[in-house]
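User: I have a two-chain model open and want to go through it with you. Can you take my questions as they come?

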Amino acid sequence: MKHPKEEELIAYHDGEVEGRDSIATHLRDCPECQAELARIDALLAALNSIPVPEPAEDYGRRVWQQISPRLPEKRAHWWDFLFSEPKTVGWLAPRRWVAAGAIAALVLAAFIAGRLSKPVVPGTPVAVDQSKVRERILVMAVGEHLGRSEMVLVELANSGPQIAGQKEVNISREQRRAEDLLEENRLYRQTALEQGDSALAGVLDELERVLLDVAHSPQQVTPAQLENIRQRIETRGILFKVRVVGKELQQRGESGNMPATPSSSAKSERNKA
Amino acid sequence: MNRMRPSVETTIETDAIAVERTLAGDRDAFRILVERHSRNVYRLAYRMTGNQHDAEEVVQEAFLRAYQKLSQFASRANFGTWVYRIAANYAIDRMRQKKSEDSNRALPARETEDGLEMDLMSSVPDAAPSPERLAQSGQVADQMRRALRELTPAERTAFVMRHWGGSGIDEIAEALNSSASAAKNTVFRSVQKLRKALEPFVERRGQARAMGTEL
């Protein structure tokens, strides 16, 4: 039988499937090609031995610090500032104060949208518009909040020891984000209750318990403790509920055609969740 | 249940959420992608450029380009593979540019070493070492770096992506902006050149190891 070409043997080494069986059959009976393949294996194995410096654990964070000032804004929505990372941290500007301040600004914006305009007769088109504007602001803000919460929970659900046998996992990053979200969550839950949206308030209440769990866990957890947190998230089905409600709010926000109070179908969908 | 490391599927799923949120204006979501994939991109970049300084620049530029082109990223795809390809593509441009700058200079590129950082590719002496010195494994490693440096940027990219990154021919073709058959040829040519340059040394090292005389 004809010997395989050099490129075919290299492709064979690389695990390519095309013509693999016939090359394997040939190799069984051809010491010459076996030696040729062994030489290719040895060369590539030797090249693998060239050392590559292993980047530090926090390398990704350093890259982010270097590139983040150079990233242009994707979309300049006026509410983005509410949710962006505070530029300074420390005792002068604790992250939770910033979050609370952002919510206060949001509630104020909703209040101004609803109140600071000339008085109108209830039921006129203008009154409907104001009510829509106010709800739209809240809907978008809560939708954003749920999206961010979902990210933290998904990250947590997927975190784990990078190396088999690692005794502890650091979840401090997720914890900090959970703490920030907790402040926002409380205020949104109260607002939802005041507006009579008990279904949304219920989901936010459940989310709050999960966020509290995360925020109060130790920074370094054992794989067993992490599994415990994960099971609590899974048992409550909170991720699914957050996704459903977040999606619904996003659709309402995008359509811009929202009732002043949530529709019964929207509520029933949330209750199903 | 074994939860030691997130599966590829869950990584792709959470990456897709992060991409979606970045596109919706949440810059912090992009941070997750950067923190998750930087180390892998660095390893590729280091293998391609052969030095830490250039590798770090490739990593930063790859993520900046990924952010700018994010709207072109199809959510069906794997973000890790996509940014890897962007890095490979940029590294080729950078290597070509450096090569042309070096050839325009009167002094060889290795004279630019500042002593603070060792450029592995350019620190290899050009004169062929004696067989005695080559018996030392460190010298064989130097010889390997030299052989890699002598590949064209496209060949080195193809080799690194295929043999160290485990990339498929289609991915390599995209990084090289070429057809799949051209990419396959480039991979083959790179291995062929490396064999020609290195096999005598690798075999000699193998013999020395077998005889117990390797240093």
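Predicted model: local features only at pLDDT ≥ 70, side-chain atom pairs only at ≥ 80, totals over all residues.

User: What do I need to know about the numbering and the confidence limits?

Analyst: Residues are numbered from 1 along each chain as its sequence is written, and chains are lettered from A and ligands numbered from 1 in the order in which they are written.

User: OK, chain B. How many helices and strands?

Analyst: Chain B has 9 helices and 0 strands. Helices here are DSSP runs of H or I with at least four residues, strands are runs of E with at least two, and both are numbered from the N terminus.

User: How much of chain B is buried?

Analyst: Of its 215 residues, 49% count as buried. Buried means under 20% relative accessible area, exposed means over 50%, and partly exposed is in between, with a 1.4 Å probe and protein chains only.

User: Switching to the interface. How much area do chain A and chain B bury between them?

Analyst: About 5900 Å², with 56% of it on carbon and sulfur atoms. That is the accessible area, with a 1.4 Å probe, that the two parts lose on being put together, summed over both. In residues, 63 of chain A are in contact with 60 of chain B.

User: How many salt bridges and polar contacts cross the interface?

Analyst: The rule finds 9 salt bridges between chain A and chain B, a salt bridge being a side-chain nitrogen of Lys or Arg within 4 Å of a carboxyl oxygen of Asp or Glu. There are also 17 residue pairs in polar contact across the interface, both residues at pLDDT 80 or more. A polar contact is a pair of N or O atoms within 3.5 Å; within protein, one must be able to donate a hydrogen and the other to accept it, and residues adjacent in sequence count only if both atoms are side-chain atoms.

User: Which helices of chain A supply at least two residues of the side that touches chain B?

Analyst: Those are α1 (6–13), α3 (31–48), α4 (59–67), α7 (125–158), α8 (172–194) and α10 (223–236). The residues on that side of chain A divide into 25 nonpolar, 11 polar and 27 charged. Ala, Val, Leu, Ile, Met, Phe, Trp, Tyr, Cys and Pro count as nonpolar, Asp, Glu, Lys and Arg as charged, and the others, Gly among them, as polar.

User: Give me one of the bridges. What does A:Glu155 pair with?

Analyst: A:Glu155 forms a salt bridge with B:Arg36, and the closest N and O atoms are 2.9 Å apart.

User: What does B:Arg162 touch?

Analyst: Leaving aside neighbours within four places in sequence, B:Arg162 is in contact with residues including A:Asp14 and A:Glu16 from chain A, and B:Ile169 and B:Val187 from chain B. B:Arg162 is in helix α7 (residues 153–164) of chain B and counts as buried because its relative accessibility is 14%.

User: What about B:Lys193 and B:Glu155?

Analyst: That pair meets in a salt bridge of 2.9 Å, N to O. B:Lys193 is in helix α9 and B:Glu155 in helix α7 of chain B, 38 residues apart. B:Lys193 counts as partly exposed at 36% relative accessibility, whereas B:Glu155 counts as buried at 2%.

User: Last one, B:Asn177. Buried or exposed?

Analyst: B:Asn177 counts as exposed, because its relative accessibility is 66%. B:Asn177 is in the loop between α8 (169–176) and α9 (180–211) of chain B, and has a positive phi of about 55 degrees although it is not a glycine.

Methods. Heavy atoms only, no water. Contact = heavy atoms within 4.5 Å.
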